[in-house]
Amino acid sequence: MKKILLTGVSGQVGHSLQQQLNLASESGWQVISCDRQQLDLTQPDQIKRIIREVAPNLIINPAAYTAVDKAESEQDLAYAINATAPRVMAEEAAKLNAALIHFSTDYVYDGTKASAYVETDSVNPVSVYGASKLAGEDAIREVGLPHLILRTSWVYGSYGKNFLKSVIRLAQEREQLRIVADQHGAPTADVSIAQAVTRLVTVWNTTDAQQSGVYHLVNAGETSWYGFASAIVEQYQLLGTTHHWPDLAVKEIQPITAIEYPTPAKRPSNSRLSMAKLESTFGVSLPAWSQALGQVMHELKL
């Protein structure tokens with residue numbers, strides 16, 4: 001039986017991937033999962049040892065340093081996890097003739113393009129987090145093994161800490177929310193990512209060098225953080241009675257500019273990513289972000 005080594009299962013995407021891959025275990029894959037206690041990505045020797053012990057046919061690496069603002073003051077840690085660790089994984093996988101699926105981010109772009117980014121557009125990260133993720137991409141490409149680098153954006157889900165959970169908590173506590181309205185992208189549900197990657201595992205021909213490379217992986221459509229927050233509150237109010245959720249205190253959601261909400265790390269104003277390459281290469285598509293939000297909200301436990 002072929003083996004998948006899955007990292008970061010205590011994170012949002014890793015947790016959802018573990019569930020989806022195990023559901024699809026009849027496809028002939030054995031999934032070996034590691035959380036940060038079992039696989040510390042700041043320890044290259046431990047990464048090497050685990051990979052050599054497991055001897056996987058495929059490594060899926062959603063684990064990452066994702067504290068975007070903290071990364072500005074923790075640059076060494078961000079690079080250790082987001083750049084050095086993926087290089088070590090790629091090198092060890094190459095020795096085993098294994099393949100690697102790695103996750104990256106919209107933050108590799110500066111957000112100045114007027115339309116949706118395609119994979120061939122120039123990268124220009126404007127934060128330490130974005131730069132560290134780009135360094136991880138470059139490292140994997142340099143090793144030259146069969147790989148998929150999946151850039152996603154605005155990830156959330158029913159598990160872990162994320163924008164969805166924050167909006168609900170604040171909407172329960174406050175009568176007014178002030179949410180940035182001039183940054184645009186596609187909120188992407190962890191379950192949508194996991195379902196798409198489970199499909200990719202079955203259709204990706206790792207011996208076809210032309211299939212290796214960078215792909216965008218996001219829910220369809222676009223909105224702003226303000227639009228996303230408004231949709232979250234609307235969905236909560238629709239489902240709240242059925243799910244016996246606490247009433248919301250919020251009465252108004254006010255759109256603001258990014259300048260009115262300064263953060264240590266700069267964010268791209270345009271995080272829209274085209275899915276055309278993934279769809280044309282593998283026939284894999286993701287549902288609209290609003291549809292995915294409904295699915296996540298139904299699964300939410302408060």
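Does arginine 141 count as buried, partly exposed or exposed, and at what relative accessibility? In this predicted model, arginine 141 counts as partly exposed, at 34% relative accessibility. Its salt-bridge partner glutamate 137 is buried, with a relative accessible area of 0%. Through shared partners, salt bridges join Glu137, Asp138, Arg141 and Arg151 into one network.

The count of salt bridges comes to 13. One of them pairs arginine 267 with aspartate 69, with 2.6 Å between the closest N and O atoms. Arginine 267 lies in the loop between strand S12 and H8, and aspartate 69 in the loop between S3 and helix H3, so this pair ties together parts that are 198 residues apart in sequence. Arginine 267 is partly exposed, at 22%, and aspartate 69 is partly exposed, at 25%. Within helix H3, glutamate 92 and lysine 95 lie 3 residues apart and meet in a salt bridge of 3.1 Å; glutamate 92 is buried, at 3%, whereas lysine 95 is exposed, at 58%.

The largest nonpolar core has 36 residues, and Ile60, Ile101, Phe103 and Val197 have the most contacts inside it. Elements that each supply at least two residues include strand S4 (99–105) and helix H6 (190–203); the largest share, 6 residues, comes from H6. Beyond its sequence neighbours, phenylalanine 103 touches, among others, Val13, Ile60, Leu150 and Val197. A second, separate core of 30 residues includes Leu41, Ile51, Ile59 and Val68.

Conventions
Residues numbered from 1 in each chain as written. Predicted model: local features only at pLDDT ≥ 70, side-chain atom pairs only at ≥ 80, totals over all residues. Heavy atoms only, no water. Core = buried A, V, L, I, M, F, W, Y, C linked by side-chain atoms within 4.5 Å. Buried < 20%, exposed > 50% of the residue type's maximum accessible area, 1.4 Å probe, protein only. Helix = DSSP H or I, 4+ residues; strand = E, 2+ residues; numbered from the N terminus. Contact = heavy atoms within 4.5 Å. Salt bridge = Lys/Arg side-chain N within 4 Å of Asp/Glu carboxyl O. Lists of a residue's contacts leave out its neighbours within four places in sequence.
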